[in-house]
Amino acid sequence: MRNLLEIQKQLLPDLMETLKRRYTILHQIMLSDIIGRRTLAASLDMTERVLRAETDLLKSQGLIEIESVGMRISDAGRRLLDLLEPAAKSLFGLDELEEKIRSTYGLSKVIVVPGDCETSPFTKRELGRAGAKALLGVLRPDDIVAVTGGSTLAEMADQLTMPLPLSYKNAWFVPARGGLGESMEIQANTIASTMAKRVGANYRLLHVPDLLSEDAYQSLALDSNIGEIVNIIRSSRIIVHGIGEAFEMTRRRKLDESTVSEIQGEGAVAESFGYYFNEDGKIVHTMLRMGMRLEDIMRTEVVIGIAGGKGKATAIHAMLRFGQENILVTDEAAAQEIGRRIDMEVQSSL
């Protein structure tokens, strides 16, 4: 199919644009479960008149169903998307972008989904679905998986609904760190328990604040129950983590002005695991917290980073420079920015 697409790109470029448009419409309807025409048109930046013509055609082909409450994908439409998925990367030119990022940063795998999750909730949902698929691709029946918090990881947990290749009743999901203080739905504890329930695995929770004073840390470290959970966290074979933009994370953590100024002065552009990184991937600031430590991250077998949006590109680049990622799941907007950065670095070295 990929060779056929390459031929069509050369001989029938107009047809390729039509194919991309109809694939995108069908894919967005699938991600939405059910959606109205006006909402879909706005999300795709398309007029309702043009969208109506396209959805009428998709309906006539039996690919979608149109009801009074909105449009939903049919079984035939879902099967067609499954058939097209291997070729979709080439259709949108994402396979070359994936390989450029993979080879530049020495990753084992890069997954890029179309769109920009900063502007489209559908792209964020697809980002979560791709992350869920990537996790299931490496998950073993008796694994321990540590997960961080954040809205992208929460979306990924919600998307763990695809058919499971194995039984995971002996696997464990744990939070990579404490998270009390964030919104409940994006806390690492909530995400770990949701993922475990979705795949039929076990979970343990870490009920400690996200940020700790030295006295609080020392006190909690002496608690045997907390110590037991922390030991499990630190023995994880897989880490799944989000990537935050440094200044945004200082705001979310409600840090005091002096700490924020210090972090900014150190050139931090990214945050993950409680560590702040500069553009070169160097740790420039550390927050005291319970859970995963730097040495644990360094020896973890599989590290999956998931983040998207054009504004996250610099932060993602910093984490890739840190050098511990095995798998990156991102979106087209972030990947294009990272790709431009790679091209600029290549040009400057010539």
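The residues that line the second largest pocket divide into eight nonpolar, eight polar and five charged. The model described here is a predicted one.

- The space in the second largest pocket comes to about 410 Å³.
- Its lining is made up of 21 residues, of which Thr24, Gln28, Leu44, Pro114 and Gly115 are the closest to the centre.
- Helices H2 and H7 each supply at least two residues of this lining.
- H2 gives the most to the lining of the second largest pocket, with nine residues.

**The largest pocket**

- The volume of the largest pocket is about 1000 Å³.
- There are 34 residues in its lining, and the closest to its centre are Glu85, Glu126, Arg129, Lys133 and Met162.
- Two or more lining residues come from each of helix H2 (13–32), strand S2 (70–73), helix H5 (75–91), helix H6, strand S3 (109–113) and helix H7 (121–138).
- The element that gives the most to the lining of the largest pocket is H7, with eight residues.
- Sorted by class, the lining of the largest pocket holds 17 nonpolar, four polar and 13 charged residues.

**The largest cavity**

- Rolling a probe the size of a water molecule over the atoms shows where empty space is left.
- The count of cavities of 30 Å³ or more comes to one.
- The largest cavity has a volume of about 50 Å³.
- Its lining consists of Tyr23, His27, Met30, Leu81, Asp82, Glu85 and Arg129.
- The elements that give two or more residues to this lining are H2 and H5.
- By class, three residues of the cavity lining are nonpolar, one is polar and three are charged.
- Glu85 and Arg129 belong to the lining of the largest cavity, and both are also listed among the residues closest to the centre of the largest pocket.

**An aromatic pair**

- The count of aromatic pairs in the model comes to two.
- In one of them, the ring centres of Tyr23 and Phe92 are 5.8 Å apart and the ring planes stand at 55°, so the pair is tilted.
- Tyr23 lies in helix H2 and Phe92 in the loop between H5 and H6, so the pair ties together parts that are 69 residues apart in sequence.
- Tyr23 is buried, because its relative accessible area is 8% and the limit for a buried residue is under 20%.
- Phe92 has a relative accessible area of 18% and is likewise buried.

- Glu98 is part of helix H6, which covers residues 94–105.
- With a relative accessibility of 12%, Glu98 counts as buried.
- A polar atom of the Glu98 side chain lies 2.8 Å from the backbone nitrogen of Val112.
- When residues up to four places away in sequence are not counted, Glu98 touches Lys89, Val110, Ile111 and Val112.

**Gly311**

- Gly311 sits in the loop between strand S12 (302–306) and helix H15 (313–322).
- The relative accessible area of Gly311 is 46%, so this residue is partly exposed.
- Gly311 and Asp116 are 195 residues apart along the chain, and their C-alpha atoms are separated by 9.7 Å.

**Residues with a positive phi**

- Most residues other than glycine have a negative phi.
- Asp45, although not a glycine, has a positive phi of about 55°.
- Asp45 occupies the loop between helix H3 (37–43) and helix H4 (48–60).
- With a relative accessibility of 75%, Asp45 counts as exposed.
- Lys254, a residue other than glycine, has a positive phi near 55°.
- The loop between helix H12 (246–252) and helix H13 (257–265) holds Lys254.
- Lys254 counts as exposed, because its relative accessibility is 70% and exposed means over 50%.

Note on methods: Residues are numbered from 1 along each chain as its sequence is written. This is a predicted model: local features need pLDDT of at least 70, side-chain atom pairs count only at pLDDT 80 or more; totals for chains, interfaces and linings use all residues. Side-chain values use heavy atoms; hydrogens and water are left out. Helices (H or I, at least four residues) and strands (E, at least two) are DSSP runs, numbered from the N terminus. Buried means under 20% relative accessible area, exposed over 50%, partly exposed in between (1.4 Å probe, protein chains only). A polar contact is a pair of N or O atoms within 3.5 Å; within protein, one must be able to donate a hydrogen and the other to accept it, and residues adjacent in sequence count only if both atoms are side-chain atoms. Contact means heavy atoms within 4.5 Å. On a 1 Å grid over the protein atoms alone, a cavity is a set of points where a 1.4 Å probe fits but cannot get out, and a pocket is an open set with protein on both sides within 12 Å along at least five of seven lines; lining residues have an atom within 4 Å of a point. Grid points are joined across faces, edges and corners, and a volume is the space filled by probe spheres set on the points. Ala, Val, Leu, Ile, Met, Phe, Trp, Tyr, Cys and Pro count as nonpolar, Asp, Glu, Lys and Arg as charged, and the others, Gly among them, as polar. Rings of Phe, Tyr and Trp (its six-membered ring) pair if their centres lie within 6.5 Å; planes under 30 degrees apart count as stacked, over 60 as edge-to-face and the rest as tilted.
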